[in-house]
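Welcome to this short tour of a protein model.

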Amino acid sequence: MTTTNYLASARHTLQLEIEALQEVLAQLDQDFAAACELILNCQGRVIVTGMGKSGHIGHKIAATLASTGTPSFFMHPGEASHGDLGMVTRSDLVLALSNSGETHEVTSLLPLLKRLGIAIIGLTGAPSSTLAQEANVHLNAAISREACPLNLAPTSSTTAALALGDALAIALLQARGFGPDDFALSHPGGSLGRKLLLRVSDIMHSGAALPAVLNSASLREALLEMTQKGLGFTCIVNEQHKLLGVYTDGDLRRTLDQDRDLRDLKVSDVMTQGSKHIQADLLAAEAVLLMEENKISALPVLDANQTVVGALNMHDLLKAGVI
């Protein structure tokens with residue numbers, strides 16, 4: 001095949017799958033709303049099952065449901081008949097996928113599930129099939145043809161099932177009022193999770209690691225504190241540990257430019273007053289924004305009483321994965 005032929009084939013395949021999704025959209029009805037209500041009223045988990053390619057799609061649907069506020073996991077229908085059905089409780093619900101609606105491994109589970117009184121949502125491409133008829137609710141994923149030129153390999157049909165699963169997950173997400181904070185709790189290892197969960201207090205330097213000197217300290221003492229703590233600055237505080245200012249590497253360069261005798265200086269003589277700072281209970285992402293807006297690389301951290309309790313710099317935020 002030439003490059004032109006490859007592109008023509010790809011465009012034809014994508015067009016057929018787009019048309020398949022348009023078919024699914026056109027036949028969407030109240031059964032979809034009924035499926036949403038069943039899941040919202042479920043006291044347990046949504047157990048997704050399917051064989052072959054439908055099973056692969058089922059894995060993804062279960063993962064999407066679980067990450068968007070609907071407890072869910074995938075159960076292999078073949079393994080279910082050999083003990084895994086014990087994972088299903090009477091408070092659960094089953095979402096069964098089968099394009100034909102006649103997959104033996106799936107339909108053989110139906111009598112057992114019904115005996116347990118478990119609600120079944122069938123997602124098939126055949127509304128008159130066994131699974132569609134036996135299910136409490138049927139989601140119609142019927143399409144005219146596969147994108148495969150032989151009309152055999154599951155292509156458009158699996159795309160249709162996957163899209164219906166996504167539609168189900170998003171409808172449930174919206175119905176539950178599931179927001180960014182909820183999403184972060186189920187994705188703590190991701191960048192969004194770190195941005196929405198990590199607070200300044202989680203990553204700041206505190207206690208003995210906090211660079212701070214009294215306003216009566218000499219410049220030499222302040223420089224020693226900066227060197228020992230390694231954050232590129234030190235907080236200048238009063239006896240009550242309230243922030244009066246900061247002294248940074250940049251301030252040191254400016255002091256040297258003034259050609260002053262460093263031995264006679266107090267740090268309060270050359271500190272930056274009214275320095276930017278951040279509250280300990282704010283999100284670390286807010287510290288990033290504050291630093292970027294003010295073109296600074298470090299911040300003192302205050303508590304609710306405006307007492308200095310910590311310090312952090314851009315390196316700490318990078319290390320924590322917030323940026």
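How are H2 and H8 oriented to each other: parallel, perpendicular or oblique? Keep in mind that this is a predicted model. The axes of helix H2 (residues 30-40) and H8 cross at roughly 55° and come within 10 Å. H2 and H8 are therefore oblique to each other, since angles under 35 degrees count as roughly parallel and 65 to 115 as roughly perpendicular.

**Where H2 meets H8**

- If you look at the handedness, the crossing of H2 and H8 is right-handed.
- On the H2 side, the contact is made by Phe32, Ala35, Cys36, Ile39 and Leu40.
- H8 brings Leu164, Ala167, Leu168, Ala171, Leu172, Ala175 and Arg176 to this contact.
- Sorted by class, the contact of H2 with H8 has 11 nonpolar residues, no polar ones and 1 charged one.

**Where H3 meets H8**

- Now find helix H3 (residues 53-67) and helix H8 (residues 156-176), whose axes come within 9 Å and cross at roughly 15°.
- That angle makes H3 roughly parallel to H8, because angles under 35 degrees count as roughly parallel.
- The crossing of H3 and H8 is right-handed.
- From H3, the residues in the contact are Lys53, Ile57, Lys60, Ile61, Thr64 and Leu65.
- From H8, they are Thr158, Ala161, Leu162, Gly165, Asp166, Ala169 and Leu172.
- The classes in the contact of H3 with H8 are 7 nonpolar, 3 polar and 3 charged residues.

- You can find Thr68 in the loop between H3 and strand E2 (72-74).
- Is Thr68 buried or exposed? With a relative accessibility of 5%, Thr68 counts as buried, because buried means under 20%.
- The side chain of Thr68 reaches back to the backbone oxygen of Thr64, at 2.6 Å.
- Setting aside residues up to four places away in sequence, Thr68 touches Ala169, Leu173 and Phe178.

- Gly179 sits in the loop between H8 and helix H9 (180-186).
- A relative accessible area of 19% makes Gly179 buried, as the cut-off is under 20%.
- Along the chain, Gly179 and Glu286 are 107 residues apart, and their C-alpha atoms are separated by 19 Å.

**Two loop residues with positive phi**

- Which loop holds His241? His241 is in the loop between strand E7 (233-237) and strand E8 (243-248).
- Phi of His241 is near 65°, a positive value in a residue other than glycine.
- His241 has a relative accessible area of 28% and is therefore partly exposed.
- Lys295 is not a glycine either, yet Lys295 has a positive phi of about 55°.
- Look for Lys295 in the loop between helix H15 (284-294) and strand E11 (298-302).
- Lys295 has 75% relative accessibility, so Lys295 counts as exposed.

**Asn313 in a strand**

- Asn313 lies in strand E12 (residues 308-313).
- At 10% relative accessibility, Asn313 is another residue that counts as buried.
- Which residues is Asn313 in contact with, leaving aside its neighbours within four places in sequence? They are Leu231, Met291, Ser297 and Ala298.

Technical notes:
Residues are numbered from 1 along each chain as its sequence is written. This is a predicted model: local features need pLDDT of at least 70, side-chain atom pairs count only at pLDDT 80 or more; totals for chains, interfaces and linings use all residues. Side-chain values use heavy atoms; hydrogens and water are left out. Axes are lines fitted to C-alpha atoms, for helices over the stretch in contact, and angles run from 0 to 180 degrees between N-to-C directions. Helices (H or I, at least four residues) and strands (E, at least two) are DSSP runs, numbered from the N terminus. Angles under 35 degrees count as roughly parallel, over 145 as roughly antiparallel, 65 to 115 as roughly perpendicular and the rest as oblique. A crossing is left-handed if the near helix is turned anticlockwise from the far one by less than a right angle, and right-handed if clockwise. Contact means heavy atoms within 4.5 Å. Ala, Val, Leu, Ile, Met, Phe, Trp, Tyr, Cys and Pro count as nonpolar, Asp, Glu, Lys and Arg as charged, and the others, Gly among them, as polar. Buried means under 20% relative accessible area, exposed over 50%, partly exposed in between (1.4 Å probe, protein chains only). A polar contact is a pair of N or O atoms within 3.5 Å; within protein, one must be able to donate a hydrogen and the other to accept it, and residues adjacent in sequence count only if both atoms are side-chain atoms.
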